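The tour moves from one selection to the next.

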Amino acid sequence: MTDEFKTITNKIGEGYYSEKRSKFLAFSHHVTSIEEITELLAHYRKKYYDARHVCYAYMLGYERTNFRANDDGEPSSTAGKPILGQINSNELTDILIVVVRYYGGVNLGTGGLIVAYKSAAADAINNSEVVIEQVEEEVIYNFNYIMMNDVMKIIKEMSPRIISQTYDNTCEIKLSIRKSEADMLRSKLKKLSFGI
């Protein structure tokens with residue numbers, strides 16, 4: 001199992017395609033939740049209230065199993081699927097691509113629509129910054145204050161990201177580390193508990 005995935009940065013990628021006076025405006029966003037997606041879709045529907053269609057596709061999670069494609073009134077599978085196809089061919093996740101269509105008065109046919117939505121989405125991806133991210137896992141560890149130096153030594157050695165820490169009679173530290181190294185970190189911290 002790989003512990004890396006491809007996504008885009010927070011910079012919005014914009015794409016454009018036109019065919020027979022129809023205009024297709026595409027926008028790619030880095031997203032991590034359905035709530036974010038819902039807000040962005042509401043934003044685009046409001047901003048482009050005079051557009052005929054606001055179609056989209058998204059992919060969430062490093063396993064790439066949470067996805068959806070929406071044709072928003074276009075003939076079935078002519079908009080959402082081609083957009084999702086571009087997300088898949090670029091192996092991206094945690095991404096939403098919205099394509100807004102202004103109808104130009106001439107029907108493009110199913111083939112023309114597929115090309116248009118695919119091209120607009122591809123242009124948005126081309127204008128995005130693609131990055132490789134690490135899949136991280138959280139490790140929470142409770143310990144006595146007296147063990148602080150030993151815990152910090154392990155943290156310095158393995159360099160996990162410290163999410164939060166509480167120091168009292170009993171201390172708790174919440175760490176985030178590359179998934180493939182999480183078990184090793186847990187094991188090293190567990191050995192401290194038993195004084196090994």
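Start with arginine 186 and aspartate 183: their side chains meet in a salt bridge, 3.2 Å from N to O. A salt bridge here is a side-chain nitrogen of Lys or Arg within 4 Å of a carboxyl oxygen of Asp or Glu. Both residues lie in helix 5, three residues apart, about one turn of the helix. Helices (H or I, at least four residues) and strands (E, at least two) are DSSP runs, numbered from the N terminus.

A word on what you are viewing: this is a predicted model, in which local features need pLDDT of at least 70 and side-chain atom pairs count only at pLDDT 80 or more, while totals for chains, interfaces and linings use all residues. Residues are numbered from 1 along each chain as its sequence is written, and side-chain values use heavy atoms, with hydrogens and water left out.

Colour by accessibility next. Aspartate 183 counts as exposed, at 59% relative accessibility. Arginine 186 is partly exposed, at 33%. The cut-offs are under 20% relative accessible area for buried, over 50% for exposed, and partly exposed in between (1.4 Å probe, protein chains only).

Salt bridges that share partners join Glu137, Lys179, Asp183 and Arg186 into one network. Zoom in on glutamate 137 and arginine 186: their closest N and O atoms are 2.7 Å apart, in a salt bridge. This pair links distant parts of the chain, with glutamate 137 in strand 8 and arginine 186 in helix 5, 49 residues apart. Glutamate 137 is partly exposed, with a relative accessible area of 21%.

Select helix 5 whole, residues 179–193. Helix 5 lies across strand 8 and strand 10, running at about 5° to strand 8. Axes are lines fitted to C-alpha atoms, for helices over the stretch in contact, and angles run from 0 to 180 degrees between N-to-C directions.

Three strands form an open sheet in the order 8-10-9, with antiparallel pairing. Strand 8 (136–144) and strand 9 (161–166) stand at the edges, each with a single partner strand, so one side of each is left without a neighbour in the sheet. Neighbouring strands are turned by 15° against each other on average, direction ignored. Two strands pair if DSSP finds at least two bridges between them.

Then pick helix 4, residues 148–158. Helix 4 packs on the sheet and touches strand 8, strand 9 and strand 10. Contact means heavy atoms within 4.5 Å. The direction of helix 4 makes about 10° with that of strand 10.

Stay with strands 9 and 10. They form a hairpin with three residues between them. Five bridges join strand 9 to strand 10 (residues 170–178). Which residue is the bridge partner of glutamine 165 in strand 10? Select isoleucine 173. For arginine 161, the partner in strand 10 is serine 176.

Last stop: arginine 178 and glutamate 4. They form a salt bridge, the closest N and O atoms being 3.4 Å apart. Arginine 178 is in strand 10 and glutamate 4 in strand 1 (residues 4–8), 174 residues apart. Arginine 178 is partly exposed at 28%, and glutamate 4 is partly exposed at 36%.
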